[in-house]
Amino acid sequence: MDSSTLYSLMAPPDLKECRKILCVQPHPDDNEVGMGGTIAAFAEMGCEIHYLTVTNGDLGSLDDRLPPAEIAAIRSQELEAAGRSLGASVFHQLPHGDGTLEQVPALAAEIAGIIRTVQPDAVFCPDPWLAYEAHYDHIVTGRAAAQAFLSSGLPLYPRGTCTQAWQPKAIGFYFTSEPNTVIDITDFFEGKFAAMALHSSQFSEETLALYRLYFKEKGRQLAEGKEFEIGEGLKVLSSLHLHCFVDARLV
């Protein structure tokens, strides 16, 4: 074993060879906001895109005249329209209400079942370790997805199951302040915002304009020194990095 082995250990997994990915989102619009340009870029490369939505988003309305069931139905339609516009082709939905997530281990077992069904090369989810993240659905979903990613390769996990084990090569955290991978989304920036606009129950023109300004500036910062104009940042780790690895923040 030499220094090249150590370098390989400390490097984030390469996403270029991914042929199938699973994008896990707490709510029906998080994939578009967090990694919409990346999804479109992967789809352009011929990658098969699966969405897994953990909650139905039934609290996501400022109109108190709409019952939760109607809100959930609206958001489900928006979710699929937005995902398909970026190139997603398969949609998985867990039966949880907006704002109800509490148990990481139980949700991890559910997500692991989807991972084993889909057998993706990589899994994506919100970064649950983002400083000041106050939405517990994001924290629980991110931690549960990380647990599922780490454990789905264990044949006896979770207890009492008999599905075939599957270990994805990488997990990518979006909504992260510590990116180690920047995806070129220059050609997909407008498509990202067109997809976000399809969530019309969530985003006003004013909000979209604010997000556009922020994400364009952030994207340009991420692309500094690179051969493209706008980037989208991810923290990409392997299963080795996610357990008892004290230098994971340095990867």
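Which ring does the charged end of R212 sit over? I looked it up, keeping in mind that this is a predicted model. The charged end of R212 sits over the ring of F193, 4.9 Å from the ring centre.

**Entry: another charge over a ring**

I then checked K192. The charged end of K192 sits over the ring of F215, and the distance to the centre of that ring is 4.7 Å.

**Entry: ring pairs**

Next I went through the aromatic rings. I got 9 aromatic pairs, with ring centres within 6.5 Å as the cut-off. I picked out Y211 and F215: their ring centres are 6.0 Å apart and their planes stand at 85°, so I wrote this pair down as edge-to-face. The cut-off behind that label is an angle over 60 degrees. F215 also pairs with Y214, again edge-to-face, at 5.4 Å from centre to centre and with 75° between the planes.

Where do Y211 and F215 lie? I found both in helix α7, which covers residues 205–222. They are 4 residues apart there, about one turn of the helix.

Buried would need a value under 20%, and exposed a value over 50%.

I also noted who belongs together: F189, F193, F203, Y211, Y214 and F215 form one aromatic cluster.

I went looking for exceptions.

Y132 is one: its phi is positive, about 70°, although Y132 is not a glycine. I found Y132 in the loop between β4 (122–126) and α5. Y132 counts as exposed, because its relative accessibility is 85%.

F175 is another non-glycine residue with a positive phi, near 50°. F175 is in the loop between β5 and β6 (181–184). With 23% relative accessibility, F175 goes down as partly exposed.

What kind of peptide bond joins Y157 and P158? I read it as cis, with omega at about -20°. P158 is in the loop between α5 (136–151) and β5 (170–174).

Terms used: Residues are numbered from 1 along each chain as its sequence is written. This is a predicted model: local features need pLDDT of at least 70, side-chain atom pairs count only at pLDDT 80 or more; totals for chains, interfaces and linings use all residues. Side-chain values use heavy atoms; hydrogens and water are left out. Rings of Phe, Tyr and Trp (its six-membered ring) pair if their centres lie within 6.5 Å; planes under 30 degrees apart count as stacked, over 60 as edge-to-face and the rest as tilted. Helices (H or I, at least four residues) and strands (E, at least two) are DSSP runs, numbered from the N terminus. A charge sits over a ring if NZ of Lys or CZ of Arg is within 6 Å of the ring centre and within 35 degrees of the ring normal. Buried means under 20% relative accessible area, exposed over 50%, partly exposed in between (1.4 Å probe, protein chains only).
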